[in-house]
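Colleague: I would like to learn how to read a model of this kind, beginning with the overall fold and ending with a single residue. Could you take me through it?

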Amino acid sequence: MGLAGVKALVVGLGVTGAAVARALMAHGHDVLAVDDVLGPAARAAADGLGLDLAEAPAADELAALEAAAEAVLPAPGLPARHPVFAAA
């Protein structure tokens with residue numbers, strides 16, 4: 001199986017997360033982003049990229065998003081206690 005068209009979940013839409021989402025989309029991947037606290041820059045990035053964006057999903061919602069994704073890419077600034085790492 002090639003990597004084109006992978007369903008990717010980007011967790012954290014700061015500077016790095018937005019750059020990762022942009023690169024994935026440029027390579028033909030289906031990207032969904034989640035962020036716990038959306039500031040104006042993250043909203044602008046999501047809007048500019050045309051990204052589907054989930055804000056502060058509950059733990060069960062995040063788990064469902066992770067299960068539906070083929071790749072989960074947490075931003076480097078996420079704390080180790082973030083729920084995204086519980087499924088790893």
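**From fold to residue**

Modeller: The secondary structure of this predicted model comes to 3 helices and 4 strands, where helices (H or I, at least four residues) and strands (E, at least two) are DSSP runs numbered from the N terminus. Read along the sequence, these elements follow the pattern β-α-β-α-β-α-β. The radius of gyration, taken over C-alpha atoms, is 12 Å, close to the 12 Å that the globule rule gives for 88 residues, so the protein is as compact as a globular protein of that length; the rule itself is 2.2 Å times the number of residues to the power 0.38.

Colleague: Which conventions should I keep in mind?

Modeller: Residues are numbered from 1 along each chain as its sequence is written, and side-chain values use heavy atoms, with hydrogens and water left out. As the model is predicted, local features need pLDDT of at least 70 and side-chain atom pairs count only at pLDDT 80 or more, while totals for chains, interfaces and linings use all residues.

Colleague: In what sense do β2 and strand β3 pair?

Modeller: Two strands pair if DSSP finds at least two bridges between them. Here β2 (residues 30–35) and β3 (residues 52–55) pair in the parallel sense over 4 bridges, and Val34 has Ala54 as its bridge partner in β3.

Colleague: Is Asp35 buried or exposed?

Modeller: Buried means under 20% relative accessible area, exposed over 50%, and partly exposed in between (1.4 Å probe, protein chains only). Asp35, which is found in β2, counts as buried because its relative accessibility is 13%. Buried residues make up 35% of the 88 residues in the protein.

Colleague: What does Asp35 touch?

Modeller: A contact means heavy atoms within 4.5 Å. Leaving out residues up to four places away in sequence, Asp35 touches Gly12, Leu13, Gly14, Ala54, Glu55, Ala56 and Pro57.

Colleague: Which backbone nitrogens lie by polar atoms of the Asp35 side chain?

Modeller: A polar contact is a pair of N or O atoms within 3.5 Å; within protein, one must be able to donate a hydrogen and the other to accept it, and residues adjacent in sequence count only if both atoms are side-chain atoms. For Asp35, a polar side-chain atom lies 2.6 Å from the backbone nitrogen of Leu13, and the backbone nitrogen of Val37 lies 3.1 Å from a polar atom of that side chain.
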